[in-house]
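Welcome, and thanks for taking a look at this one with us. Please have the sequence and the 3D view open side by side as you read.

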Amino acid sequence: MFFALKKIVGGLLLPLPMLLLVMALGIILLWFSRWQKSGKTLISVAWAILLLISLQPIADRLLAPIENRYPTWHNQHPVEYVVVLGGGYTWNPQWAPSSNMLNNSLPRLTEGIRILQANPGAKLIVTGGHAQGNPMSSAAVASLVAQSLGVPQSAIITLDKPSDTEQEALEVSHIVGQRPFALVTSANHLPRAMIFFQRQGLAPWPAPANQLAVTSPLNFWERVLPSSFWLGHSERAIYESLGRLWQWLKPAAKPSVEPGKE
């Protein structure tokens with residue numbers, strides 16, 4: 001119940017629903033009150049903010065500082081485990097396996113497999129619980145997709161109980177102890193994920209995937225025209241900023257692995 005409430009409240013604080021609520025309030029003031037000027041101001045300000053955060057230069061300027069915290073993995077450290085954190089998913093057996101991994105999930109998994117291939121004998125740990133009403137967990141779907149891409153089932157460890165990053169860190173700590181592992185998740189999620197894993201007494205090597213903030217050349221119209229695509233980048237920046245604030249406010253879970261011990 002608390003998990004669902006957290007997701008609902010967090011979702012309402014994201015830019016699109018929040019700005020739509022502000023516009024709705026402005027419309028109510030215009031139609032049903034004498035505060036016409038206040039209504040016009042609310043609608044105008046919300047519209048201007050929505051426009052700005054839907055432009056590529058602004059959206060990616062918000063997102064890039066979060067994503068650029070850790071460099072791309074270049075096999076700089078041998079690892080015994082590759083941990084891929086769960087993300088969006090569904091399950092439709094009629095689809096191609098990888099189509100069931102939504103949004104950020106497939107880039108995370110493919111990056112994890114790339115690192116796994118460079119470390120023979122390493123194990124792939126995939127995490128993620130069940131979405132409401134779904135018979136398959138996020139981890140189970142990731143395992144099936146990894147197998148479809150050539151990873152043997154014997155090399156995969158599936159953790160399908162965790163429902164958020166903090167729980168994922170706890171479950172992973174029971175397996176890896178102080179052995180070296182790469183932590184693979186979206187580049188914008190990685191700084192927050194690293195804190196959760198370090199709080200468990202672990203020392204993961206960061207491996208960012210699914211970088212979104214564009215710094216390479218684009219067509220000029222892609223930079224000047226508002227788009228829901230760029231709005232999604234602003235949303236990720238705001239979502240992770242809210243997540244870091246909640247992480248700072250919430251008491252840390254007790255570590256299950258003490259530094260230097262297994």
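Predicted model: local features only at pLDDT ≥ 70, side-chain atom pairs only at ≥ 80, totals over all residues.

Three aromatic pairs are found in the structure, and two of them are described here.

**A tilted phenylalanine pair**
- The ring centres of Phe-181 and Phe-197 are 6.1 Å apart, and because their planes meet at 45°, the pair counts as tilted.
- Phe-181 belongs to strand β4 (residues 181-186) and Phe-197 to helix α8 (residues 190-199), so this pair ties together parts that are 16 residues apart in sequence.
- Phe-181 has a relative accessible area of 0%, so this residue is buried.
- Phe-197 is buried too, with its relative accessibility also at 0%.

**An edge-to-face pair**
- Phe-229 pairs with Trp-230 in an edge-to-face arrangement, with 75° between the planes and 4.9 Å from centre to centre.
- Trp-230 counts as buried because its relative accessibility is 6%, which is under the 20% cut-off.

**Helix α6 and what covers it**
- Helix α6 spans residues 138-148.
- Its buried residues are Ser-138, Ala-139, Val-141, Ala-142, Ser-143, Val-145 and Ala-146.
- Which elements cover these buried residues of α6? Among them are α5 (105-117) and the strands β2 (123-127) and β3 (156-159).
- After α6 comes Gly-150, which has a positive phi near 105°.

Definitions and conventions
Residues numbered from 1 in each chain as written. Heavy atoms only, no water. Phe/Tyr/Trp six-rings, centres within 6.5 Å; stacked < 30°, edge-to-face > 60°. Helix = DSSP H or I, 4+ residues; strand = E, 2+ residues; numbered from the N terminus. Buried < 20%, exposed > 50% of the residue type's maximum accessible area, 1.4 Å probe, protein only. Contact = heavy atoms within 4.5 Å.
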